[in-house]
Amino acid sequence: MKHNIPTAAYDSFTAETVEKGYDFLETLQPPYVLKADGLAAGKGVLIIHDLAEAKDELRNMLVNQKFGLASSKVVIEEFLDGIELSCFVLTDGKSYKILPTAKDYKRIGEGDTGLNTGGMGAISPVSYVDAVLMEKIETRIVKPTIAGFQKDGIAYKGFVFIGLINVNNEPIVIEYNVRMGDPETEVVVPRLKTDLVALFLAVANEKLSEISLEIDERSATTIMLVSGGYPEDFEKGKVISGLENIQDSIVFHAGTKLDNGQVVTNGGRVLAITSYGDDFREAIKKSYQNIEKLNFDKMYFRKDIGNDL
């Protein structure tokens, strides 16, 4: 807000300012998002379509302590509807490079249903991001973010992960993170032709502006193979077979270990299968063809990665 970077309209309220909360709700379009500001075990967010009901729930949270102390302060946020994407920036604190865009798939179930996970697959580049949208992202979001670090005296070197939502071709920031994303890394880094170590050295020595960033024109996709039951309870120690048969894909080991010479599962997200293609459809096809050669007990993956594009 301070640096005029587009994000959802929001404000926070307490029991003393509940009337102001009502006024703020009236400035927004439905649905209305109410979030308990404290820890509420993931249950403190309400999405309400009716204004009167939203006002009642706000009073419930603040005055009647619906979520206990967690809702002694409530954030009201504008609801954003659009397609999400991730923009990655590398900065040495002065200049920056924009890395390839990516889109990940967070939900465990096909059609983006079920529980959130660490990510079930990703695609780069994001097919609907054209030069016009990219220009908006750089001008309205990336530039003022890096300039904002400098204005606020934040000496920041490294990755800036910007989670965006594209609402009617207008990019809006949902979140920032100070790392690469996963599984987006498994599609973004394979598309970098410029040596990663050279980039990191340039960041450390504040010479990023002297490097020209080369990007592979091909698409890259990755599909996550996960343990049965993930993201809830799952078993470990399942033998993985077929790794030696993989062709034309990169297998990233996420939750595996060696046990008496055998590769076994050792986590919820087990392997990420990354492939290149002239477009994302070709890349996806390669990943799925190679997944058919792999097996472990209760192995699960989403079969609809990229369908929404």
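In β4, isoleucine 76 is the bridge partner of aspartate 11. The model is predicted, so local features need pLDDT of at least 70 and side-chain atom pairs count only at pLDDT 80 or more, while totals for chains, interfaces and linings use all residues. Residues are numbered from 1 along each chain as its sequence is written, and side-chain values use heavy atoms, with hydrogens and water left out.

Strands (E, at least two residues) and helices (H or I, at least four) are DSSP runs, numbered from the N terminus. Two strands pair if DSSP finds at least two bridges between them. Strand β4 covers residues 73-78, and five bridges join β1 to this antiparallel partner. Both strands belong to an open sheet of four strands. The order is β1-β4-β2-β3, and the pairing is antiparallel. The edge strands, β1 (10-14) and β3 (45-48), each pair on one side only. Neighbouring strands of the sheet are turned by 20° against each other on average, direction ignored. Here, axes are lines fitted to C-alpha atoms, for helices over the stretch in contact, and angles run from 0 to 180 degrees between N-to-C directions.

Strand β2 is joined to β3 by four bridges and to β4 by five. Both pairings run antiparallel. Tyrosine 32 has isoleucine 48 as its bridge partner in β3. Valine 33 stands opposite glutamate 77 in β4. Four of the five residues of β2 are buried, so this strand is largely enclosed by the rest of the structure. Buried means under 20% relative accessible area, exposed over 50%, and partly exposed in between (1.4 Å probe, protein chains only).

Helix α1 (residues 18-27) lies across β1, β2 (32-36) and β4, and runs at about 155° to β1. Helix α2 (residues 51-62) packs on the sheet and touches β1, β2, β3 and β4. The direction of α2 makes about 5° with that of β2. Contact means heavy atoms within 4.5 Å.

The structure holds six aromatic pairs. Rings of Phe, Tyr and Trp (its six-membered ring) pair if their centres lie within 6.5 Å; planes under 30 degrees apart count as stacked, over 60 as edge-to-face and the rest as tilted. Phenylalanine 88 and phenylalanine 161 form an edge-to-face pair, 5.0 Å centre to centre with 65° between the planes. This pair links distant parts of the chain: phenylalanine 88 is in strand β5 (residues 83-91) and phenylalanine 161 in strand β11 (residues 158-167), 73 residues apart. Phenylalanine 88 is buried, at 0% relative accessible area. Phenylalanine 161 is buried as well, at 6%. Tyrosine 230 and phenylalanine 234 form another edge-to-face pair, with 6.3 Å between centres and 65° between planes. Tyrosine 230 is buried at 14%, whereas phenylalanine 234 is partly exposed at 31%.

Charges also sit over rings. This applies if NZ of Lys or CZ of Arg is within 6 Å of the ring centre and within 35 degrees of the ring normal. The charged end of arginine 218 sits over the ring of tyrosine 276, 3.9 Å from its centre. That of lysine 303 sits over the ring of phenylalanine 301, 4.8 Å from its centre.

Lysine 94 lies in the loop between β5 and β6 (96-98). Lysine 94 counts as exposed, at 57% relative accessibility. Leaving aside neighbours within four places in sequence, lysine 94 is in contact with Ile146, Gln150 and Glu206. The side chains of lysine 94 and glutamate 206 make a polar contact (2.8 Å). A polar contact is a pair of N or O atoms within 3.5 Å; within protein, one must be able to donate a hydrogen and the other to accept it, and residues adjacent in sequence count only if both atoms are side-chain atoms.
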